[in-house]
Amino acid sequence: MADQTVNQHTLPPNPEKATLEGRNKFLGFWFFLGGETVLFASLFGTYLGLRGGVVSGPGPDDLFHLPLVFIMTMILLTSSLTSVFAIISMKRGNYKGLLVWMWVTVALGLAFLGLEIYEFYEYYHYGLGFTTSAFASSFYTLVGTHGAHVAFGIGWIVTLLIRYRKTGLTLTNAPKFYVAVLYWHFIDVVWVFIFSVVYLMGYGG
Amino acid sequence: MSNAKAQSKSVLWDWLTTVDHKKIGIMYLVAGAFFFALGGLEAILMRIQLMFPEFSFVPAQTFNELLTMHGTTMIFLAAMPLLFGFMNYIVPLQIGARDVAFPFLNALGFWLFLFGGILLNVSWFVGGAPDAGWTAYVPLSSESPGTGVDYYVLGLQVSGAGTLIGGINFLVTIINMRAPGMSMMRMPLFTWSTFVASMLILFAFPALTIGLLLLMLERIFGATYFAVDFGGNVIIWQHLFWIFGHPEVYILILPAFGIFSEILSAFSKKRLFGYSAMVFATLIIGFLGFMVWAHHMFTVGMGPVANSIFAVATMAIAVPTGIKIFNWLLTLWGGRIQFTTANLFALAFIPSFTMGGVTGVMLATSAANYQFHDTYFVVAHFHYVIIGGVVLGLFAGAYYWWPRIFGYKLDETLGKWFFWLFLIGFHLTFFVQHFLGLIGMPRRVASYLGGQGLDTMNFISTIGAFLMGIAFIIFVVSIFTSMKNKVTDADPWGNGRTLEWTMPIPTPEYNFAQTPLVRDVDALWYEKYEGDGKMKAAEPLGDIHMPNGSILPFIMSLGLFISSFGFIYYHEGFLWLAILGLVINFGAMFVRSIKEDHGYHIPKEEVIKGGK
């Protein structure tokens, strides 16, 4: 039954939660995000405790320039929006729309990741190595863990997009897309906190 | 979707690929028991070393390794997996489910735990085990030479991931998979405590994940979080460790509380006194468990305000715990108490654990804590709560659920020998340690000078440890000698109250031929008194959907295991091994993602045949 393609006429209102398996995934993933929240909270706490420890290396004032980070933020926030469009398409039974919007999301994610790599590369050339100071280590760990999450998310979504490029929407893949989008929103929210706590506070505070 | 795929090729392959929560539960129990014996052996070696002043049974370095591995093994590789074994086997049965929410992840959690545990213990054979204590405080751990602490970091990281996965699985199982009529407030207390403990796992383990990640990056890649001369801070580790470490204590004790609640009620033939108070006390303990981590750090220098807040919060936990103690006593009150081995362990728990609780409140008094800190008083305290609580709970649960899990009853005569020897040995070992601590013996020392009033009590303590060792051997022997006491009755104790006593023994792989309809707390007991003693069915007989087994959880865990070696020997040029392991791991994840597996159905006729 789960193999069956759901077209506009047979589509349940919420295909991602129409099966027990889907409901389990949905709930389990929310719990997972709860754990991820603690994971990032620990990294934020570490960063806040160590951001003054610049020793003789460059500190936040020497490094951060808001224009680049602002562009990155806008790109990632837009990618969250496009993933919402993807889910709206899914709920309307517009499978093609789902795929297209998810590809847009992936493209924006890649752009963000590219800029982040460029940013790290630049900081490295300003003399901020991973082992330079406690500030450097905790900065790279926090922002790098977020970047790794973005990279994983891109790999995940691309896998789904290629695997399900021809199948149409089914009760099996609907929860998969939905959960991937939840994950994408989560890393977006984490970035909002990084933008505020790391960059704005580093710049102004 | 055919049944054929599920027919296993061989017994070994069947166990490697199983996603059946009952088989996974048994594997957790077997692996946990192995590590329990290992941790116990380490303890006995330490106690021999401390039997006489300035004894030279093991060198100081080995003692440090034994000390570290004893704590780490007992917490992560023995107590938790053993509890996970019971949770896996019993919780789905108690809520009337055919399986857990994520059978595949369940298997993955087990294999991650096992590979993590093996990884940790490989360190013994390659240059020495970790030696910085189970808390691995920096800078001792970040500066510790050799690869011991690297094994600690990666072993715990791998097994910790498994625990986290297990926790999420139980949460979703308990919320989504309950049988009709099984409302939250009708769930057996063991299921409730599993639920709260899983919540704690979910929110506590990521802090450890980060702590271990930081320590790994510091040790292997030269990061400077804990290096004071680079602007680092050593206290961060302590906070991260205890933000995890304190909830961890409740992760261990709450399921044990659940086990006792089941057993005391079953063997008093009475409904648990104050069911809803018990549930809320469990929730409150779980909540407060996150508010008290810094009571492990009173002497660090957080200042009187922080110390006072954490002291008061800690003492507050005594209130819900006290509620529980009184509820257990009132459950026994007026009951027809049967002194089975399972119940003896439960009865012995009440006073033993209360003693640990009392010293807990003493330790929570932050001013007095400066005297107790890092002495044997602390050692006595936490062994009273962990052995007096968790280990007695595990043994009680083993005796109680043994017929359900293994199909035979453990011998009661040997069981009573085991119980009394263990209980006496336990108190002999740890009671005197309170006084050793109060007169100033520091913990974690490999030796002590004679003639300072420490000799006799240390000797007594070691004798007690021997008694516990002998008791455990009797238990192991009784496992084999009892095999003839086969049971086939669904309810071998005759006073089962909950759903795990409603299906035939051995438990069918689909658990329930028909999902039961739950009409009250203690569903089975209700049917015995208000119905015909059998559960009403909530659905007609039909085909039963089952998940297919998979080798992928094993491969994913193996990948991380291999990868860990690459990281540990990174400086010897083994980065490629780390990458290879990750490729294996992510490759298996990729396969899992793209291969749809909808499981198979057991046809109705087979279900009817199995019920006969």
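Start at the interface of this predicted model: 33 residues of chain B are in contact with 31 residues of chain A. Select α6 (148–176), α7 (189–221), α8 (235–268) and α19 (575–594) of chain B; each of these elements gives two or more residues to the side that touches chain A. Highlight α7(B) among them. With ten residues, α7(B) gives the most to that side. Now colour the side of chain B that touches chain A by class: 23 residues are nonpolar, nine are polar and one is charged.

Next, move to chain A. An unreviewed UniProt entry places the feature "transmembrane region" at residues 27–48, 68–88, 100–118, 138–162 and 182–202 of chain A. Select residues 27–48 of chain A. This span is 100% helix and 0% strand, and its end C-alpha atoms lie 31 Å apart. Then select residues 100–118 of chain A. Here the end C-alpha atoms lie 27 Å apart, and the span is again 100% helix and 0% strand.

Return to chain B for a helix pair. Select α14 (residues 376–406) and α15 (residues 412–438) of chain B: their axes come within 7 Å and cross at roughly 165°. Angles over 145 degrees count as roughly antiparallel, so α14(B) and α15(B) are roughly antiparallel to each other. The crossing of α14(B) past α15(B) is left-handed.

Show the side chains at this contact. From α14(B), pick residues including B:Tyr376, B:Phe377, B:His383, B:Tyr384, B:Ile387 and B:Tyr399. From α15(B), pick residues including B:Gly415, B:Phe426, B:Phe430, B:Gln433, B:His434 and B:Leu438.

Definitions and conventions
Residues numbered from 1 in each chain as written. Chains lettered and ligands numbered in written order. Predicted model: local features only at pLDDT ≥ 70, side-chain atom pairs only at ≥ 80, totals over all residues. Contact = placed C-beta atoms within 7 Å. Helix = DSSP H or I, 4+ residues; strand = E, 2+ residues; numbered from the N terminus. Nonpolar A, V, L, I, M, F, W, Y, C, P; charged D, E, K, R; others polar. UniProt positions renumbered as here; feature names shortened; annotations may be inferred. Axes fitted to C-alpha atoms, helices over the stretch in contact; angles between N-to-C directions. Parallel < 35°, antiparallel > 145°, perpendicular 65-115°, else oblique. Left-handed = near helix turned anticlockwise from the far one by under 90°.
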